[in-house]
Amino acid sequence: MTVRCTAQPTARLGSDLDARITAHPHRRPRGATGCDPAGRRPRHPRSACTGAPAPGPDPGALAARFAHRLVEVLTGARPSGQLVRHTSLAGYGQLASLVRAGALRRGGPADRPRLGPVHDRSPSPDAVEACVRVDLGRRHHMVAFRLEQRGPAGQWQCTAVEAR
């Protein structure tokens, strides 16, 4: 999707600027104003431009990224503290107990976890439930989790985790 600005720069910065803009239409040279007609630089470059807002994250891609990080924590390749911001209090409690119990312990140093396809579904627009098969050497495990949008910023957080 291409977003085009409808406002023109308010101050004329010289004919050299006009030549640079036409030479490189996709790059804005230093000193050029944004789309704000008042001449202020917008906080976000596209905030003053016309066009449809960007769509939210794809639930499947979101679940796949989180599954990868979650399996790294469960196998001990990543410290569990790195997921604190991305989990609710109850979700982190479940994750910590799974890590302590060694739910996805490796059989040896050569056993690297291999993730199968991540199966996800959205029971509501602000929730994603997913599961993934994890192969560790000769052993196979299933990891399931739930992600929900929470807070005023709508950040995605893991609210439940299971591993068998």
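**Exercise 1.** Find the salt bridge between Glu129 and Arg146, and work out which strands the pair ties together.

*Solution.* Start with the side chains: Glu129 and Arg146 meet in a salt bridge at 2.5 Å, N to O. The term asks for a side-chain nitrogen of Lys or Arg within 4 Å of a carboxyl oxygen of Asp or Glu. Strands here are DSSP runs (E, at least two residues), numbered from the N terminus. Finally, check accessibility: Glu129 is partly exposed at 27%, and Arg146 is partly exposed at 23%. Buried means under 20% relative accessible area, exposed over 50%, and partly exposed in between (1.4 Å probe, protein chains only).

A word on the model: it is predicted, with local features needing pLDDT of at least 70 and side-chain atom pairs pLDDT 80 or more, while totals for chains, interfaces and linings use all residues. Residues are numbered from 1 along each chain as its sequence is written, and side-chain values use heavy atoms, leaving out hydrogens and water.

**Exercise 2.** Now follow Arg150 to its salt-bridge partner, and find the network.

*Solution.* Arg150 pairs with Glu148, their closest N and O atoms being 3.4 Å apart. Arg150 is partly exposed at 37%, whereas Glu148 is buried at 18%. Shared partners then join Arg121, Glu129, Arg146, Glu148 and Arg150 into one network.

**Exercise 3.** Is Asp135 buried or exposed, and which residue does its side chain meet in a salt bridge?

*Solution.* Asp135 has a relative accessible area of 16%, so it counts as buried. Its side chain meets that of Arg133 in a salt bridge (3.1 Å, N to O).

Note on methods:
Helices (H or I, at least four residues) and strands (E, at least two) are DSSP runs, numbered from the N terminus.
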